[in-house]
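Visitor: Hi, I'm new to this one. Could you walk me through it?
Guide: Happy to, just ask away.

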Amino acid sequence: MTRLRVRIRDDGGPPYLQLTAAIRRQIERGGLLPGDRIPPVRVLADDLGLAPNTVARAYRALEDDGWIDGRGRAGTFVADRLPERPSAADAALATAADAYLRRAAQLGADREAAIRALRGLSS
């Protein structure tokens, strides 16, 4: 079983999000490799001083996103096939779209009105 190096900070936001991000970062950087077994929920919760439900929530989020696989009594492992990362252009476009929708909301427009405005520009 691979030991996780994670530091949960009091001022770092919700602990489950910090844990999710830390594990994902270790996978992306090669510190955790496909097939590596990660600690059981209770063991990691004890190591980090967190509630087991907090660790279980982080594991569920990582599993839902395809980063880890829960295999019942066999344990939890880094997924053999990692999720595809969006391309730089896709990520930039998603950021721009999010900023546009937030600005539209500030102006009092709902999502549908914002999309109609975009469609009007493309004609």
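Visitor: Which helices and strands do the buried residues of H3 pack against?
Guide: They pack against helices H1 (15-28) and H2 (41-48), along with strands E1 (37-38), E2 (68-70) and E3 (76-78). Keep in mind that this is a predicted model.

Visitor: And which residues of H3 are buried?
Guide: Val55, Ala56, Ala58, Tyr59 and Leu62 are the buried ones in H3. Seen down the axis of H3, they fall within an arc of 160°, so they line one face of the helix.

Visitor: What does the face turned away from that buried side carry?
Guide: Two exposed residues of H3, Asn53 and Asp64, are found there.

Visitor: What about Gly66, which follows H3?
Guide: The phi of Gly66 is positive, near 90°.

Visitor: Switching to strand E3: is Thr76 buried or exposed?
Guide: Thr76, which lies in strand E3, is buried, with a relative accessible area of 17%; the cut-off for buried is under 20%.

Visitor: Which residues is Thr76 in contact with, leaving aside neighbours within four places in sequence?
Guide: Tyr59 is one of them, and Thr76 also touches Asp36, Arg37, Ile38, Ile68, Asp69 and Gly70. Tyr59 is also among the buried residues of H3.

Visitor: New topic! How many salt bridges does the count come to?
Guide: The count comes to 4 salt bridges. Side chains of opposite charge can pair when their charged atoms come close.

Visitor: Which residue does Arg102 meet in a salt bridge?
Guide: Arg102 meets Asp98, at 3.0 Å from N to O. The two are 4 residues apart in helix H4 (residues 88-106), so about one helical turn separates them. Asp98 is partly exposed, at 40% relative accessibility.

Visitor: And what does Asp80 form a salt bridge with?
Guide: Its partner is Arg71, with the closest N and O atoms 3.9 Å apart. Asp80 counts as exposed at 55%, while Arg71 is partly exposed at 36%.

Visitor: Which residue pairs with Arg9?
Guide: Arg9 and Asp11 form a salt bridge through their side chains, at 3.0 Å from N to O. Arg9 is partly exposed, with 40% relative accessibility, and Asp11 is exposed, with 60%.

Visitor: Last one: how many Å apart in space are Glu112 and Gly13?
Guide: They are 32 Å apart, C-alpha to C-alpha, and 99 residues apart in sequence. Glu112 lies in helix H5 (residues 111-122) and is partly exposed, with a relative accessible area of 46%.

Conventions: Residues numbered from 1 in each chain as written. Predicted model: local features only at pLDDT ≥ 70, side-chain atom pairs only at ≥ 80, totals over all residues. Heavy atoms only, no water. Buried < 20%, exposed > 50% of the residue type's maximum accessible area, 1.4 Å probe, protein only. Arc of directions from axis to C-beta. Contact = heavy atoms within 4.5 Å.
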